[in-house]
Amino acid sequence: MNVDAYWRGGLAPLPVSKLPKEQDFQSNNVDTIIDTMREAHILTANHNVVQELESLYSWRKKDPRSSSSRLTRCESDRFQAALYRVWFLCALYGRPAPANRVGKAKSNRQEIQRDVNREQAKFLQSFTPSQITPLLEVWKFMVDLATWAVRAEIFPPKNCSYLKAYLVWCGPGTTLQAFRGNLTSVDRKVVHSLRPPYEHFCEVFNMAESLKQPGDGVLILPHECFLSKLKCQQCARAPLEGLWSESNWSYLRGVVPPSEFLNFVELPWWNSYTDAELLGDICRSTPYSQLIGEVFLLRSKAYRTWKPGCWLCTTCLQTFMRDNIEAFCRSREYPEQ
Ligand SMILES: [Zn+2]
């Protein structure tokens, strides 16, 4: 094999055989791991990322009424263990480890890629079913956040799938940064080379789906959580893509991105509105929670029973926005005069 060659290419700080293993992190061994203040700072920073992602996970998957984690102690342990494993596999197979930096010849690269793919599959097979179930859930959650960040147009829409792979493969710290809209630069040299190993890993993960065990996921009783009992208060459906209330309007931005926002409203009064560019700018620059909140304040009489605290499916919320955004736009037509 050639995973050794792959690592020798100056791509990783350590050969695989010297990377720390899980047992090294048991409490009685921690002293041997944390040698320097720099390492202690890295571990603290990573811990903060994990805690923030746990809160986000809880808000998205368990209880969208609270922006801090509502996971139980056991759920929190499962989430954190799975997220550190996802982080580890990103360090192992994601950036900075694109196989095509190793050899110059294409055939050599393909051979190395095949070897790496085999190693990826072996890596996943090394987990027990009770470990793999939360790992898959948390991996999907990270992919979901990266998709959200790309759709929310933090980046130009060109090369979306490459950017998604890049965000996931750079690890949870980068994915979270992109989700917050704080990612200031992308390493353009590696963006394109990260997609093939990422896609292969997704295939390996899909195969591992069959290993998932009910009851082993992050949430102990997923059918009991607040979110699973909710229905749209207008059409009474419980849609898969989510329900929206003032506590999670901000998340809608990556589900219905600003570029699509103007398409779905299909404004009949469009021609009377003189500055379409201005409207586009308002939708892009106003945080979604504020934008939708203002549309609710200015809603027409026909919608007065629709309260900001109501849970609405995406379709009902889009209908609401289509029928009420005109008043919001008119209130912005002559700004600050
Ligand atoms: Zn509905």
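What share of the 337 residues in the protein is buried? Buried residues make up 29% of them, where buried means that 20 or more other C-beta atoms lie within 10 Å of the residue's own, exposed means 12 or fewer, and partly exposed is in between, with C-beta atoms placed from the backbone.

## Model and overall make-up

This is a predicted model, in which local features need pLDDT of at least 70, side-chain atom pairs count only at pLDDT 80 or more, and totals for chains, interfaces and linings use all residues. Residues are numbered from 1 along each chain as its sequence is written.

The secondary structure comes to 14 helices and two strands. Helices (H or I, at least four residues) and strands (E, at least two) are DSSP runs, numbered from the N terminus. Of the contacts between residues at least 6 apart in sequence, 74% join residues at least 24 apart; two residues are in contact if their C-beta atoms, placed from the backbone, lie within 7 Å.

## Nonpolar cores

A nonpolar core is a set of buried Ala, Val, Leu, Ile, Met, Phe, Trp, Tyr and Cys residues joined through C-beta atoms within 7 Å. The largest one has 40 residues, and V86, V138, M142, A146, A149, L167 and W169 are those with the most contacts inside it. Two or more residues each come from α3 (37–61), α4 (73–93), α5 (106–125), α6 (129–151), α7 (160–169), α8 (172–180) and α10 (195–208). The helix that gives the most is α6, with twelve residues.

V86 is in contact with L135, V138, W139, M142 and P172, leaving aside its neighbours within four places in sequence. A second, separate core has 22 residues, including L243, W244, W249 and I325.

## Helix α8

The buried residues of α8 are P172, T174, T175, L176, A178 and F179. Among the elements that cover them are α3, α4, α6 and α7. Just after this helix, G181 takes a positive phi of about 80°.

## Helix α10

With 14 residues, α10 reaches 20 Å from its first C-alpha to its last, close to the 20 Å expected at 1.5 Å a residue; the expected span is 1.5 Å times one less than the number of residues. P197, Y198 and F201 are buried in α10. They lie on the same side of the helix because they cover an arc of only 100° around the axis, the arc being that of the directions from the helix axis to the C-beta atoms. On the other side of α10, E199, E203, N206 and M207 are exposed.

R114 is partly exposed, because 14 other C-beta atoms are within 10 Å.

## The loop between α10 and β1

E209 is found in the loop between α10 and β1 (243–244). E209 has 11 C-beta neighbours inside 10 Å and therefore counts as exposed.

With 18 other C-beta atoms within 10 Å, C225 is partly exposed. The C-alpha atoms of C225 and D63 are separated by 7.0 Å, with the residues 162 apart along the chain. Leaving aside its neighbours within four places in sequence, C225 is in contact with K62, D63 and L219.
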